[in-house]
Amino acid sequence: MNDDVFRMIELVGRGFHCAQILLFLGLEAQGKENPDLIRTMAALSGGLGFSGDTCGGLTGGACLLGLYAGRGVPDEEEDQRLNPMIQELVDWFTQHHTALYGGIHCSDILADNPNNQRTRCPGLVTATYEKVTALLVENGFELSEGR
């Protein structure tokens, strides 16, 4: 296992969820901390506030792309590569996880069994993080640098 997987396991053990973990890793890669952002990401976990809707791994992954390519201040432009990267992530996530679990909603992935969170979510979050970082690298982003 690589360091990112160990860090994910540590964060899960400390009570963080999918979307939060993805942003933790992105911020840490940049040498940053942002507790406000991590708190905000809690709203995406469990499929939008644990409603079972769209997986927080997917929405968190899209947010991680936004951390690198989004607009954060008035005099900054959004990177033109952001939306195509998000679309590629959505297409990959939908194809991959629909084949495995029948959909991209937490309710599909967990199949109404909370125990599936321990068995399915770690691999899903790991795969999503790997896909997001691959998209960033393919598009010329340096993971250790923010905007």
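Let's start with Arg 7, which is buried, at a relative accessible area of 16%. By buried I mean under 20% relative accessible area, with exposed being over 50% and partly exposed in between, using a 1.4 Å probe and protein chains only. A quick word on the source: this is a predicted model, so local features need pLDDT of at least 70 and side-chain atom pairs count only at pLDDT 80 or more, while totals for chains, interfaces and linings use all residues. Residues are numbered from 1 along each chain as its sequence is written, and side-chain values use heavy atoms, leaving out hydrogens and water.

Back to Arg 7, then. What does its side chain meet in a salt bridge? The partner is Glu 10, at 3.1 Å from N to O. A salt bridge here is a side-chain nitrogen of Lys or Arg within 4 Å of a carboxyl oxygen of Asp or Glu. Arg 7 and Glu 10 sit three residues apart in helix H1, residues 3–13, so about one helical turn separates them. Helices are DSSP runs of H or I with at least four residues, numbered from the N terminus. Glu 10 is partly exposed, with a relative accessible area of 40%. Glu 28 joins in too: Arg 7, Glu 10 and Glu 28 are linked in a network of salt bridges.

How many salt bridges does a search of the whole structure find? Five. Among them is Arg 39 with Asp 36, whose closest N and O atoms are 2.5 Å apart. Those two are three residues apart in helix H3, residues 35–41, so again about one helical turn lies between them. Arg 39 is exposed, with a relative accessible area of 53%. Another pairs Asp 79 with Arg 81, at 2.6 Å between the closest N and O atoms. Here Asp 79 is buried at 15%, while Arg 81 is partly exposed at 29%.

Now on to helix H6, residues 82–101.

Which residues of H6 are buried? They are Leu 82, Met 85, Leu 89, Trp 92, Phe 93 and His 97. Finally, just after H6, Gly 102 takes a positive phi of about 90 degrees.
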